[in-house]
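This briefing looks at a protein as a whole and then at one of its helices. Have the structure open while reading.

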Amino acid sequence: MNRNADMEGSSLWRNVRLATLREDLGPLGVIEKGAVAVRGGRIVYAGAEGDLPSDLSSADQVIDCEGRWMTPALIDCHTHLVHGGNRAREFQLRLEGATYEEIARAGGGIVSTVKATNALSVEELVAAALPRLDALLSEGVSTVEIKSGYGLNIDAELKMLRAARQLERVRPVRIVTSYLAAHATPPEYRGRNADYLDDVALPGLSRAHAEGLVDAVDGFCEGIAFSPAEMARVFDGARALGLPVKLHAEQLSNLGGAKLAASYGALSADHLEYLDADGAAAMAKAGTVAVLLPGAFYTLRETQLPPVEALRAAQTRIAIATDCNPGTSPLTSLLLTMNMSATLFRLTLEECLAGVTREAARSLGILQETGTLEAGKSADLAVWNIEAPAELIYRIGFNPLSERVFKGERIAR
Ligand code: DI6
Ligand code: FE
């Protein structure tokens with residue numbers, strides 16, 4: 001089984017229950033008794049099997065899904081997947097009473113991952129990231145956002161982004177990159193954030209962009225990182241190059257980062273535990289997606305919940321992601337991320353599933369290409385051995401994926 005459909009081939013998934021995530025079709029965009037036809041790697045039909053146009057009813061490959069559920073392939077829209085080393089020792093210190101901020105201020109934290117990352121070549125970074133990427137893909141993920149931010153000098157930031165791009169060449173996956181040089185101040189620039197932006201973050205951005213390595217520009221707006229005024233300089237640099245922005249905002253305190261990001265038309269503002277109603281409204285108005293990251297909330301044993309009610313009231317779009325990183329979220333499961341979002345943040349089934357498909361795509365600016373099951377989009381599909389969609393968010397540590405399809409190509413689990 002699982003003969004790979006060649007890119008020009010045709011395939012038809014039939015006898016399948018669809019959660020299309022199309023908003024015009026109601027909750028989850030469900031179509032019972034559905035069919036999905038694919039030509040040349042793109043969806044040409046996703047709808048009721050009874051309405052399938054006759055010219056699409058035969059295909060090189062016809063797959064009887066026996067009533068299984070299909071969703072869009074999942075999208076992890078916020079990760080730091082490329083990095084060296086791990087922080088198990090820091091985790092151990094936290095068990096003994098140290099806080100994340102104390103460790104960061106003592107030169108541990110992000111800076112220790114910077115050392116471990118800078119010691120590796122592009123090839124070694126790819127090799128280190130592959131097991132994490134494979135864990136995501138095994139759960140039906142087909143798109144992963146990956147940030148730089150553990151280099152903190154120009155060459156090392158570029159190296160991380162080259163490794164991220166390289167992953168797309170060694171696995172069937174779409175990689176979207178974010179340039180995150182404004183993640184932390186390296187020791188040699190301690191107390192001199194402005195110099196770091198002038199010497200490293202801004203010139204590095206121009207170089208990375210010239211090499212085609214940057215899809216968006218990100219930053220960490222926080223007391224232990226960069227102020228809103230400093231982030232505005234980075235965003236001005238992004239704007240001058242025509243690049244979209246996003247921001248780690250309101251994770252540990254409320255500095256108004258989300259509002260700043262919204263004022264630049266940001267694709268997303270992420271974390272947001274300390275966001276206020278004003279910030280939520282500014283995001284909604286700008287179309288900035290709120291990306292919630294329950295893995296970091298859980299790992300830091302945060303007690304301040306993100307303002308989900310305020311986000312709903314403002315009709316801010318909500319996505320969720322692993323934030324896979326060695327310090328605050330060593331998480332490589334989007335299924336568990338959905339479960340945590342439901343249990344810890346009380347997100348609904350609809351919010352959880354949209355958060356790893358449609359809204360995740362929106363937060364990356366690729367909703368035209370993927371994130372829902374509809375004609376014209378890339379055939380990025382996930383087929384599940386479940387009786388009802390709620391099973392995807394209910395189980396803890398169980399993977400019901402039947403098959404993953406990327407650009408029309410069937411990929412054995
Ligand atoms: N917020 C986070 O949770 C990660 N980065 C960020 O800006 C943490 C990164 C780390 O501790 O290595
Ligand atoms: Fe992050």
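Buried residues (under 20% relative accessible area with a 1.4 Å probe, protein chains only) make up 59% of the 413 residues in the protein. The model is predicted, so local features need pLDDT of at least 70 and side-chain atom pairs pLDDT 80 or more, while totals for chains, interfaces and linings use all residues. Residues are numbered from 1 along each chain as its sequence is written, and side-chain values use heavy atoms, without hydrogens and water.

**Overall form**

- The protein has 15 helices and 16 strands, which are DSSP runs numbered from the N terminus (helices: H or I, at least four residues; strands: E, at least two).
- A compact globule of 413 residues would have a radius of gyration near 22 Å, and the 21 Å of the protein agrees; the radius is taken over C-alpha atoms, and the globule rule is 2.2 Å times the number of residues to the power 0.38.
- Along the principal axes, the C-alpha atoms fill a box of roughly 65 × 45 × 45 Å.

**Helix 7**

- The 13 residues of helix 7 (228–240) should span 18 Å at 1.5 Å a residue, and the end C-alpha atoms are 18 Å apart, which agrees; the expected span is 1.5 Å times one less than the number of residues.
- Met-231, Ala-232, Val-234, Phe-235, Gly-237 and Ala-238 are buried in this helix.
- An α-helix has 3.6 residues a turn, so residues three or four places apart point the same way.
- The buried residues of helix 7 pack against strand 8 (174–182), helix 6 (193–210), strand 9 (216–219), strand 10 (246–249) and helix 8 (257–263), where contact means heavy atoms within 4.5 Å.

Technical notes
Chains are lettered from A and ligands numbered from 1 in the order in which they are written. Buried means under 20% relative accessible area, exposed over 50%, partly exposed in between (1.4 Å probe, protein chains only).
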